[in-house]
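Here is a walk through one protein model, taken a piece at a time. Keep the structure open and follow along.

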Amino acid sequence: PKPALQAIIDLMNKTPKTAKTSNSASAKTLRDASKGFFEVGVALPDRVVRDERLNKIAALQFNRVVCENEMKFESLEPQENRFTFERGDRLVEFAQKNGMSVHGHTLVWHAQTPRWVFQDANGGQASKELVMKRLKNHIDTVMKHYKGKIKTWDVVNEAFTDQGNLRTSSPWYRALGNDLIKIAFTLAREADPDAILIYNDYSMPNDPKRQGIIKAIKEINKEKKIIDGIGYQGHWDLNWPSLAQIQKAIDEAREAGLKLYISELDINTDRSKRNSGRGLEANPEIDPSTLQPITDMNVVLRDRYREIFEIFLKNADVIEAVTVWGLDDAHSWIRGEPLLYDRNQNPKPALQAIIDLMNKTPK
Ligand code: G3I
């Protein structure tokens, strides 16, 4: 390299950055409008990744992507030591082609993990040593395969109960006991020291659950920080959680010194309607008589997404990424109208409302 190259680099390093506020006012997409706040992600099943029309929409709006199912234990290692990376690799290739980061979901979960992991040769309960060996092999192989391509991993997903205690019904708990979380994160830290390691769970606005989890994380991190971040899935309703509950949950992640990922955001309009009180059951402070009947779900959903993103933008200092759990309502794990694109992949008013909000919020 010539002195000219270093001279340019030195000049850039000492020139104050001027946020391109003029351009951001005209940001047309979620990934452009969100620059400077946090990454915006989407969960995709392989069938969407393979669909040129659909994956183009994902690449237009998002700069982060995660496999909805294709990087879970059963998908990557269906038989012992037989790894099937093809669908995960397809997502990574799609992301690299479109300048998107990739999130890894998930190494340890009680669901979608093959039974062989916990069985010994006679089909009985495998020993702790045998399960540890298998878990180490899985984590080593997967994280080394994706090293440099996947920066953030949900190392453990949904290992706690609503009361904030370890889920003793999990086969991982039955095999590894109370050290389950520490074992998994230690193995992951060894496998890829450069990765950001996250504990991910749902119903995190519930105080007992969240506070039990954060207490456990602090305990584990006491010796050496092996848990870098926490994932609040965000499978929420039209009225649950309240904005105060969301803010309180975010504050506690910040106080714990954890990077925060809103990892699986969607708004369950069906559950809300079924409950007639639109999520009232967990929101005693709402007076049912103040709720208007839902005549236009697009409007109600727009307002709900906008008020939630207002809180996210206010807390962009601790929020690393916000990921929606699906591209459109036709590819959601739940019925109803939970996402930012409708069943025919038309963008909803909620999407534009979030973009407009970001454009007018100072970075
Ligand atoms: O792959 C099989 C296919 O071979 C079979 O023909 C088909 C018929 O039943 O099932 C297919 O497996 C389905 C799998 O998704 C892949 O499509 C399972 O039945 C189905 O249960 C599974 O659902 C996934 C669910 O996790 C499993 O618990 C959802 O798509 C996925 O959105 C959901 O995602 C989870 C996160 O990983 C963790 N947080 C909660 C979130 C919602 O449950």
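**From the strands to the helices**

Start at a pair of facing residues: Arg64 stands opposite Ser101 in strand S3. The model is a predicted one. Arg64 belongs to strand S2, which covers residues 64-67. S2 and S3 (residues 101-108) run parallel and pair over three bridges. S2 also pairs with strand S1 (residues 39-44), again in the parallel sense, this time over four bridges. There, Val42 stands opposite Val65 in S2.

Now look at the side chains of S2. Which way do they point? Arg64 and Val66 point one way, and Val65 and Cys67 point the other. All four residues are buried.

Follow S3 next. Thr106 lies in this strand. Pro241 sits in the loop between strand S7 (235-236) and helix H12 (243-255).

Asn81 is not a glycine, yet its phi is positive, near 60°. Is Gln112 buried or partly exposed? Its relative accessibility is 24%, so Gln112 counts as partly exposed; the buried class ends under 20%.

Buried residues of H8 are Val131, Arg134, Leu135, His138, Ile139, Asp140, Val142 and Met143. What do they pack against? Their partners are H6, S3, strand S4 (152-157), helix H9 (171-176), H10 and strand S5 (196-201).

H8 and H10 pack at an angle of about 35°, and their axes are 9 Å apart. H8 passes H10 in a right-handed crossing. On the H8 side, the contact is made by Lys128, Met132, Leu135, Lys136, Ile139, Asp140, Met143 and Lys144. H10 brings Ile183, Ala184, Leu187, Ala188, Glu190 and Ala191. By class, the contact has nine nonpolar, five charged and no polar residues.

Lys144 is worth a stop. This residue lies in H8. Its relative accessibility is 49%, so Lys144 counts as partly exposed; exposed would need over 50%. Lys144 and Ala191 are 47 residues apart in sequence, yet their C-alpha atoms are 6.6 Å apart in space. Leaving out residues up to four places away in sequence, Lys144 touches Ile139 and Ala191.

Finish with helix H15 (residues 349-360). Its twelve residues should span 16 Å at 1.5 Å a residue, and the end C-alpha atoms are 17 Å apart, so the values agree. Its buried residues are Ala350, Leu351, Ala353, Ile354, Ile355, Leu357, Met358 and Asn359.

Conventions. Residues numbered from 1 in each chain as written. Predicted model: local features only at pLDDT ≥ 70, side-chain atom pairs only at ≥ 80, totals over all residues. Heavy atoms only, no water. Buried < 20%, exposed > 50% of the residue type's maximum accessible area, 1.4 Å probe, protein only. Helix = DSSP H or I, 4+ residues; strand = E, 2+ residues; numbered from the N terminus. Pairing = 2+ DSSP bridges. Axes fitted to C-alpha atoms, helices over the stretch in contact; angles between N-to-C directions. Left-handed = near helix turned anticlockwise from the far one by under 90°. Contact = heavy atoms within 4.5 Å. Nonpolar A, V, L, I, M, F, W, Y, C, P; charged D, E, K, R; others polar. Expected span 1.5 Å × (residues − 1).
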